[in-house]
Amino acid sequence: MNQWTREARYRPLSDLAPEVYQLMKEEVRTSPWRFSFHVQPPTGLLNDPNGFVYHDGTYHLFYQWFPLGPVHGLKYWYHLTSKDLVHWFDEGAALIPNDDPDSHGAYSGSGFVKDDKVHIMYTGNKRDQDWVRHTSQIVGHLRSDGRIEKHLPPAIATVPDGYTEHFRDPKVFQHQGTWYCIIGAQRNDLTGATVVYHSEDAESWMLLGELNTRYPDFGYMWECPDYFELDGHGLLLFSPQGIEPTGDHYQNIFQSGYFIGQTVDFPNLSYQHEDFLELDFGFDFYAPQTTLAADGRRILVGWMGLPDITYPSDRYKWAHALTLPRELTLEQGHLRQNPVRELTSLRKDTLYEQHLVVEQQASPVQAEVFELVLSHLAISSGQFELKVRASEQEETILRYDTQTKRFTMDRTRSGAEVPAIEYGTTRSIPLTEPLHTLRLFVDRSSIEVFLNDGEAVASARIFPKSTSQGIVLSGKATAHLAIYAL
Ligand code: FRU
């Protein structure tokens, strides 16, 4: 992509004549693989979910956006609203990187409600004449016209001693009446960490210090931290970079995962926690962010993509989508992730619903964009396979081995082009319970699978032909099977 010179990447959208941008939008709309029920950019590149917050009957969700092409360049925040976490309304670009501290990008950040208004805190990314990075953390609020007004100068103007300029992605939350924000950081010795600030008014912020974890040397940068409490446990989510693959783990270019432990002792910054666990064992998942729903549920949305990976849709001037929203719960100290219950409102026709006995092979229906629920699954022995988006030439395979209790997602033949092939084309996870439930959401170019009522989740982008619509089950099993057109 050599047309993407530095100059081209840092061009603002306002440089483009409206007719030219309109043409680009139309070109993107005709692209194969555009999603049917996922959040995707109108043009250009989407990355991290940002500013996810509920206020006064409405969910606000923003994402990192480079409008002009499928590459990382001058980042805006694009804004969506929803009443139900399922149907999103397009509110357009809300945060424009046109001030000195964010002149090279309005980077990731979070949302919070204060004084009955949606506020945000994000990272201003600036490069000087020598292309040296300067980061600051900026507070803003959402105006009634849907745009964000920045409260300049930045609330946190410089990086504290001990850290490099890779210091970003503030997540704001309240804890026992005090405002805190946790920021992703890189120490001067090039290891990742998170740093905590506190505030009385969420406008002027004071450094508290680094959060003490059991992982002082785990990758070179921790991006997009998020801290919240669930059933009396403290969870820290973050996206570490620079972790080597080991066994089934850390197979993608970068990882996203969590610690679960006791609640953080603010202000001593001590945190007793378990080992790091990945959130998603698929291929395309990064930089997740959570918020609290109207009724107290903890909801997570991730970027269904990764940095530095090219996708076939790039040719059509757009890249990436957000994952479906997931509800996080704890069961006996273990995290479960399930699709939010509101997603059942996407169901159109019931294509199939029946008790099914698979003797060898069954091909119940054909579908391109669908939800599939296999429940009360009882596999007699050996392997059980479910192929979707299948045809003579291509198929995406989900496979369970009763002996090893391993579940595998295989996208080797998922389409003529498979992204990130150098990182391998299968992902596996050992399940703790035998496979009894599988819930699958398939869009034009993605698949998200939830196993055993949220014990494990895998997300992947796939790029099949639109005519590859076969659904094939094989093995020896009985189950209840429902398939809904979405
Ligand atoms: C994660 C990330 C963040 C940064 C943003 C820039 O994908 O690198 O750390 O704020 O993307 O778009």
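1. A residue counts as near a molecule if one of its heavy atoms lies within 4 Å of it. In this predicted model, the residues around the ligand by that criterion are Asn47, Asp48, Gln64, Lys75, Tyr107, Ser108, Arg168, Asp169, Glu223, Tyr286 and Trp303.

2. What is the make-up of that shell in nonpolar, polar and charged residues? Five are charged, three are polar and three are nonpolar. On the secondary-structure side, at least two shell residues each come from strand E1 (44-55), strand E5 (106-114) and strand E9 (163-175).

3. The side chain of Asp169 places an N or O atom 2.5 Å from an oxygen atom of the ligand, and the side chain of Gln64 has one 2.6 Å from a ligand oxygen. With Ser108, a backbone N or O atom is involved, at 3.1 Å from an oxygen atom of the ligand. As for cover, the ligand on its own has 320 Å² of accessible area, and the protein covers 91% of that.

4. Now to the domains. The assignment gives domain 1 (6-341) and domain 2 (347-485), with 30 Å between their C-alpha centres.

5. How many residues of domain 1 are in contact with domain 2? There are 34, and they meet 39 residues of domain 2. About 3200 Å² is buried between domain 1 and domain 2, with carbon and sulfur atoms giving 57% of that area. On the domain 1 side, Trp33, Phe281 and Phe283 lose the most area to domain 2, and together they account for 27% of what that side buries.

How values were computed: Residues are numbered from 1 along each chain as its sequence is written. This is a predicted model: local features need pLDDT of at least 70, side-chain atom pairs count only at pLDDT 80 or more; totals for chains, interfaces and linings use all residues. Side-chain values use heavy atoms; hydrogens and water are left out. A polar contact is a pair of N or O atoms within 3.5 Å; within protein, one must be able to donate a hydrogen and the other to accept it, and residues adjacent in sequence count only if both atoms are side-chain atoms. Accessible areas come from the Shrake-Rupley method with a 1.4 Å probe; for residues, only the protein chains shown count as cover. Helices (H or I, at least four residues) and strands (E, at least two) are DSSP runs, numbered from the N terminus. Ala, Val, Leu, Ile, Met, Phe, Trp, Tyr, Cys and Pro count as nonpolar, Asp, Glu, Lys and Arg as charged, and the others, Gly among them, as polar. Domain bounds come from an automatic or database domain assignment. Contact means heavy atoms within 4.5 Å. Buried area is the accessible area (1.4 Å probe) that two parts lose on being put together, summed over both.
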